[in-house]
Amino acid sequence: MTHKHVDAVIVGAGFSGLYAAHRLRDQQGLSVQGFEALSGPGGVWHRNRYPGARCDFESVYYSFSFDEDLQKEWRWTERFAAQPEILAYLEHVADRFDLRRSFQFDTRVTSAVWQEDADRWEIHTDDGTVTTARYFINAAGAFSVSKPNDFPGQDDFAGTVAHTSHWPAGGVDLRGKRVAVVGTGSTGIQVIQTIASEVGELTVFQRTPNFACPLGNRPMSDDEFAEVVADYPRLRAESRARLAGAPYPQAERPALMDTADQRQKTYDQYYDGGGFRMLTSTYYDLITNPAANETAAEYIRGRIRQRVNDPKVAELLCPTNHPYGVKRATFESGYFEAFNLPNVHLVDARSTPIERITGKGIATTDREYEFDVIILATGFDVGAAGLLQMGVVGRDSRKLADHWSDGQRAYLGMATHGFPNLFHINGPQSAAALFNNPIAIEDSVDFVGGIIARADGAGCARVEASESAETRYNELVREVAGATLFPTATTWYMGDNINGKPRTPLSLFTGAPMYRAICAEVEATGYAGFSFDQDEQPLSSLVQVDGSAVFLLAGMMNIGAKPLEECNLEETRAAIEMFQAFQAPLPSDVAITEVDFPETSDGRKLRLYRPTSAQGPLPVVLFVHGGGWIGGSLDSFNEPCATLAHNSGALVVSPDYRLAPEHPFPAAVEDTLAALRWVADNIAAHGGDPDRIAVGGESAGANLAAVAAQQSRGENGPRLTAQVLVAPVTDPVVETVSRKLFANGPVLSMEVCARMGGMYVTDPADLASPLIAPARATDLSGLPPTLVLTMGVDPLRDEGEDYARALADAGVSAEARRFEGLIHTTLSMSGAIPRAAEIQQAMATFLVPLFSPNAATTTADV
Ligand code: NAP
């Protein structure tokens with residue numbers, strides 16, 4: 001038995017393995033041994049040689065970007081290259097970077113076992129060799145294992161059965177033959193449109209029709225290629241900043257904001273544009289909003305009906321049981337027209353399922369069909385099935401198959417707890433499903449290379465994902481999926497196509513920019529969530545954030561929204577106003593009216609929210625909107641105030657206070673106090689009870705509410721029943737752990753805080769004033785019962801909790817409650833972040849008993 005030791009074993013010589021070998025060997029100086037079961041490089045492009053196989057991202061994007069000369073010198077002949085050309089490209093890459101010498105082809109890994117004592121992987125291959133390696137790189141790809149054949153009887157068939165991903169090396173002669181194609185996914189569509197005119201009779205067994213859109217392939221001219229080459233730096237950078245990992249135009253609007261005519265124009269423009277544009281460049285809510293999705297789905301159905309002559313066949317080809325885009329988008333070139341040919345027949349394999357393969361052909365529940373050739377385009381066991389077949393055993397003799405018995409999961413799609421020094425390239429739960437693969441692969445390899453360099457540099461023998469990181473990331477992936485329509489379909493994206501496979505999102509459905517931001521943050525924080533030997537790095541911010549919020553932030557990135565740090569004042573205000581688009585619908589049982597703001601003549605208002613079903617004089621909450629003292633409005637807090645009224649049964653009053661920098665401190669304080677005075681003096685006339693007044697607010701609004709509560713103590717009155725502070729600023733310049741931990745946000749960063757605070761407080765001497773920093777008040781006693789609600793991933797988290805503690809120390813009935821995983825602005829994004837309802841519920845649960853006529857406690861009693 002041959003023994004060999006290397007730094008890294010790489011399994012697979014497709015896009016992933018080739019670049020991993022180049023990066024680790026040539027750029028990091030590691031010794032590398034690659035194994036590839038196939039006879040040469042190319043991975044899926046080596047194996048999938050069926051007729052019509054080609055890529056569906058443009059080749060100039062679906063190619064490596066790591067070497068400028070490579071991308072200049074490889075002249076793609078078509079917009080979307082066919083399999084032979086992509087294979088030739090990968091062979092060229094292998095030769096150009098002298099990678100073949102690092103691979104042993106025709107060699108299958110049969111076991112990979114972590115050697116606890118030696119901190120190494122021991123890898124056995126089917127040639128009898130044993131290789132030990134410090135690192136084990138899974139570059140086997142997600143599509144290396146075909147879906148097991150569902151149909152009994154294959155051996156009985158007198159003709160030829162060919163699976164598209166094991167296409168016979170010499171090809172299959174289809175001319176004039178009676179051919180069946182089973183499956184109408186990306187592969188089946190490519191086969192069908194390619195062979196339809198060549199074969200004698202073609203019968204397509206379709207279980208689920210697909211929303212296929214035109215691929216838009218054509219030869220690539222010299223000029224077009226030269227233009228791309230000249231523009232590559234921008235195109236590659238843009239690819240990484242865009243949803244699908246290709247520089248397609250960004251969708252800027254939700255579908256229902258346009259009229260039907262406008263939508264028609266948009267869909268017309270992108271339907272024929274080719275590639276993923278129909279999904280990524282039309283409307284940004286297609287994968288979240290069923291009604292929006294239906295507009296695209298119906299458009300595509302309309303085009304199918306136009307293109308297919310027989311209305312019955314057309315209807316059968318129209319997908320109706322899933323939204324558009326949530327089964328992997330498929331592309332076609334003349335696919336639908338193929339069904340107009342007299343020799344092409346469509347069988348509905350849903351109403352008459354295939355039962356078996358017979359000696360003569362295929363038997364469905366309806367009848368037997370006779371064929372010479374049966375082509376199975378039934379897909380793959382997508383994910384890490386290839387790795388699972390290698391019999392991987394990690395620490396404590398734990399089998400990978402057991403570890404994944406509830407579903408394949410990997411921290412960032414790259415590392416698995418209990419399996420040290422094993423890294424997946426674009427593994428399960430990476431963003432690969434919505435991220436142009438060669439670019440995603442480069443990023444993944446670079447990340448893995450970086451972490452290996454870090455471990456080696458620190459002399460660490462073992463690096464692995466911590467249990468908490470893997471668990472939390474898995475939750476995040478599931479939460480993100482839950483914010484989309486993907487789980488509503490039967491799709492390999494969720495593992496549905498394989499019998500018995502646990503239902504798990506196989507990918508993080510955020511698009512490339514958010515996934516890249518998560519990875520960048522992990523890297524920038526010293527590889528958060530990884531353990532280097534025993535040294536476990538805590539989780540970074542984004543991974544902790546609730547998936548619906550991550551998905552929302554991802555959406556903003558995907559549409560190219562500027563981060564607040566880059567916004568000027570007007571843009572910041574506009575961004576805060578945009579929050580309305582992410583709010584739940586207003587409760588229908590709250591009447592909204594306005595009165596003039598007291599003591600002003602500039603048109604500002606107080607907005608009143610009255611629950612219509614509540615009786616008698618109602619308790620009152622003066623609720624002050626957030627917006628960093630420089631933005632926000634009655635409108636931007638319409639829904640939070642209405643929902644508060646609905647939940648608490650209180651009359652909520654929202655003041656339109658003056659904003660900085662036009663009106664710096666103390667304008668907002670004066671206005672809040674004026675509003676409180678108005679409530680005390682006038683609310684009875686509006687159905688409110690002046691003896692039951694609470695104050696509340698969010699963020700800067702909570703700061704103003706806290707100041708108002710302090711100012712209304714004693715003779716300054718009114719006596720308050722309660723105060724509710726959501727994510728308050730209690731001291732603009734305090735130093736806390738959360739301000740450090742979440743200095744870069746998400747959403748609210750310390751840079752943005754400082755800018756907003758700087759506009760509000762023009763004289764730094766004022767910063768010590770309790771009118772700006774309520775936490776700095778020398779006396780905190782005598783305040784009403786207080787609820788402070790903090791968001792777990794918020795730089796302002798700790799100061800809110802510290803304030804509640806300080807109040808309690810001063811004898812105030814004060815409690816703080818933290819919402820783990822929520823971000824600063826959650827309260828005003830209730831539509832996009834459903835857990836905002838928990839904040840609302842907490843406020844109501846706190847207030848309602850205090851507002852009860854039997855509640856004895858008020859300011860004076862505490
Ligand atoms: P797929 O998307 O999983 O499609 C498999 C097809 O087989 C589906 O139509 C499925 O129907 C059908 N099928 C499976 N079992 C069946 C059964 N027992 N009876 C009847 N029909 C059955 O597989 P794929 O087309 O090979 O594509 C897989 C992925 O590979 C793609 O999504 C894409 O990511 C990649 N790919 C890319 C390209 C490209 O252009 N770059 C080309 C090919 C593949 P149901 O939908 O009802 O399950």
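Is Tyr 369 buried or exposed? Tyr 369 counts as buried, because its relative accessibility is 12%, and buried means under 20%. This is a predicted model.

**Aromatic pairs and a cluster**

- A search of the whole structure gives 43 aromatic pairs.
- One of them joins Phe 205 and Tyr 369 in an edge-to-face arrangement, with 5.3 Å from centre to centre and 85° between the planes.
- Phe 205 belongs to strand 9 (residues 201-206) and Tyr 369 to strand 15 (residues 368-370), so this pair ties together parts that are 164 residues apart in sequence.
- Phe 205 is buried, with a relative accessible area of 1%, and Tyr 369 is buried as well, at 12% relative accessibility.
- Tyr 267 and Tyr 283 also form a pair: their ring centres are 5.5 Å apart and their planes stand at 85°, so the pair is edge-to-face.
- Tyr 267 is part of helix 7 (residues 260-271), while Tyr 283 sits in the loop between helix 8 (277-280) and helix 9 (290-307), so the pair ties together parts that are 16 residues apart in sequence.
- Tyr 267 is buried, with a relative accessible area of 1%, and Tyr 283 is buried, with a value of 2%.
- One aromatic cluster is formed by Phe 15, Tyr 19, Trp 45, Tyr 62, Phe 64, Phe 66, Trp 74, Trp 76, Tyr 89 and Phe 97.

**Charges over rings**

- Arg 367 lies over the face of Tyr 369, at 3.9 Å from the ring centre. Tyr 369 is also the partner of Phe 205 in the edge-to-face pair described above.
- Arg 454 lies over the face of Phe 532, at 4.1 Å from the ring centre.

**Cysteines**

- The structure contains zero disulfides.
- Cys 55 counts as buried, at 2% relative accessibility.
- For Cys 318, the closest cysteine sulfur is again in Cys 213, and the 12 Å between the two sulfurs is too far for a bond.
- Cys 318 counts as buried, at 3% relative accessibility.

**Empty spaces**

- Rolling a probe the size of a water molecule over the atoms shows where empty space is left.
- The second largest pocket holds about 420 Å³ of space.
- Its lining consists of 31 residues, and Gly 628, Trp 629, Leu 748, Cys 753 and Met 756 lie nearest the centre of the pocket.
- Which element gives the largest share of the lining of the second largest pocket? Helix 24 (residues 750-760) does, with seven residues.
- By class, the lining of the second largest pocket has 19 nonpolar, 10 polar and two charged residues.
- The count of cavities of 30 Å³ or more comes to four.
- The largest cavity holds about 50 Å³ of space.
- Among the residues that line the largest cavity are Asn 138, Gly 141, Gly 383, His 424, Asn 426 and Pro 428.
- The lining of the largest cavity divides into five nonpolar residues, six polar residues and no charged ones.

**Backbone details**

- The peptide bond from Ala 660 to Pro 661 is cis, with omega near 0°. Pro 661 is in the loop between strand 25 (651-655) and helix 21 (667-682).
- The peptide bond from Phe 665 to Pro 666 is cis, with omega near 10°. Pro 666 is likewise found in the loop between strand 25 and helix 21.
- Ser 397 is not a glycine, yet it has a positive phi of about 60°. Ser 397 lies in the loop between strand 17 (392-393) and helix 13 (400-403), and it is exposed, with a relative accessible area of 62%.
- Asn 426, a residue other than glycine, has a positive phi near 55°. Asn 426 lies in the loop between strand 18 (422-424) and helix 14 (437-457).
- Asn 426 counts as buried, at 13% relative accessibility, and it is one of the residues lining the largest cavity.

How values were computed
Residues are numbered from 1 along each chain as its sequence is written. This is a predicted model: local features need pLDDT of at least 70, side-chain atom pairs count only at pLDDT 80 or more; totals for chains, interfaces and linings use all residues. Side-chain values use heavy atoms; hydrogens and water are left out. On a 1 Å grid over the protein atoms alone, a cavity is a set of points where a 1.4 Å probe fits but cannot get out, and a pocket is an open set with protein on both sides within 12 Å along at least five of seven lines; lining residues have an atom within 4 Å of a point. Grid points are joined across faces, edges and corners, and a volume is the space filled by probe spheres set on the points. Helices (H or I, at least four residues) and strands (E, at least two) are DSSP runs, numbered from the N terminus. Ala, Val, Leu, Ile, Met, Phe, Trp, Tyr, Cys and Pro count as nonpolar, Asp, Glu, Lys and Arg as charged, and the others, Gly among them, as polar. Rings of Phe, Tyr and Trp (its six-membered ring) pair if their centres lie within 6.5 Å; planes under 30 degrees apart count as stacked, over 60 as edge-to-face and the rest as tilted. Buried means under 20% relative accessible area, exposed over 50%, partly exposed in between (1.4 Å probe, protein chains only). A charge sits over a ring if NZ of Lys or CZ of Arg is within 6 Å of the ring centre and within 35 degrees of the ring normal. A disulfide is a pair of cysteine sulfur atoms within 2.5 Å.
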